[in-house]
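Colleague: Could you walk me through this one? I would like to start with a helix and then look at the core.

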Amino acid sequence: MSQRTAEDAGRSPAAVALVVPCYDEARRLDRAEFARLARQRPDIAIRFVDDGSRDGTGQVLDALRAEAPGRVEVLRLERNRGKAEAVRAGLLAALAEGFQLVGFCDADLSTPVDELVRLVDVARASPAKVVLASRVLLLGRRIERRAARHYLGRVFATAASIALDLPVYDTQCGAKLFRATPALARALAAPFRTRWVFDVELLARLLHGGGGEPLSAADVVEEPLLAWRDARGSKMSPWAMLRAGAQVLLLIVRLRSGGSPW
């Protein structure tokens, strides 16, 4: 991935890197919205990870990079490694570039651009080391989620909370931000063991420390979203959600028996 060039282009350098994993997203990628984000917020760099796509995703990403050089960069993986490893590769690359705040979001923008911007502002103003977007259906909020996915998600969230020993409401919303810390670098050093619940595994690694100083519950905050929507064509099927639940149960057993999240 090339180095940032925002200063060379006469703009203030970006302070935050958002990693966006992409696998065969040519049809779903909202080029206009990502371009709007790049134009309106020069402090936010967008780092797409093309996870071995077989369709026209690469061309769409190249066009976006041409519209906002330096603000938008593309990391290409030669073969499909799955969302977990695509996110890990993107976060490691962003840390190597020197960003002090890094995070990731979904390519389908189920968390809309305006909410991503608000989440970044919350994270920059907060002393927290981890900020999680949370899908809480409250009056005055537009959280559009199918009933079956919502109820399966509540069961999953309960299991994740038990696994982490953390009163977290929503570990699986696709928008998260992290301060660049030694704990984060350690947590990303090894490939994830899980495919579907890497979010939970990453939090477990941060909270367990891995030979260094672990984060505490006080370092993690959840920010309820004002808007979120189930995007069409989601790759997370009900069957995949059940598999994710099984992986969380295995993680609970491992952690409760004194095992490592690595």
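Modeller: In helix 2 (residues 57-67), the buried residues are T57, G58, V60, L61 and L64, where buried means under 20% relative accessible area and exposed over 50%, with partly exposed in between (1.4 Å probe, protein chains only). Helices (H or I, at least four residues) and strands (E, at least two) are DSSP runs numbered from the N terminus. This is a predicted model, in which local features need pLDDT of at least 70 and side-chain atom pairs count only at pLDDT 80 or more, while totals for chains, interfaces and linings use all residues. Residues are numbered from 1 along each chain as its sequence is written, and side-chain values use heavy atoms, with hydrogens and water left out.

Colleague: What do the buried residues of helix 2 pack against?

Modeller: They pack against strand 1 (16-22), helix 1, strand 2 (44-51) and strand 3 (72-77), with contact meaning heavy atoms within 4.5 Å.

Colleague: Now the core: which residues touch the most other members of the largest nonpolar one?

Modeller: Those are V102, V130, L164, F178 and L206, out of 49 residues; such a core is a set of buried Ala, Val, Leu, Ile, Met, Phe, Trp, Tyr and Cys residues joined through side-chain atoms within 4.5 Å. Helix 3 (residues 83-97) gives the largest share of this core, eight residues.
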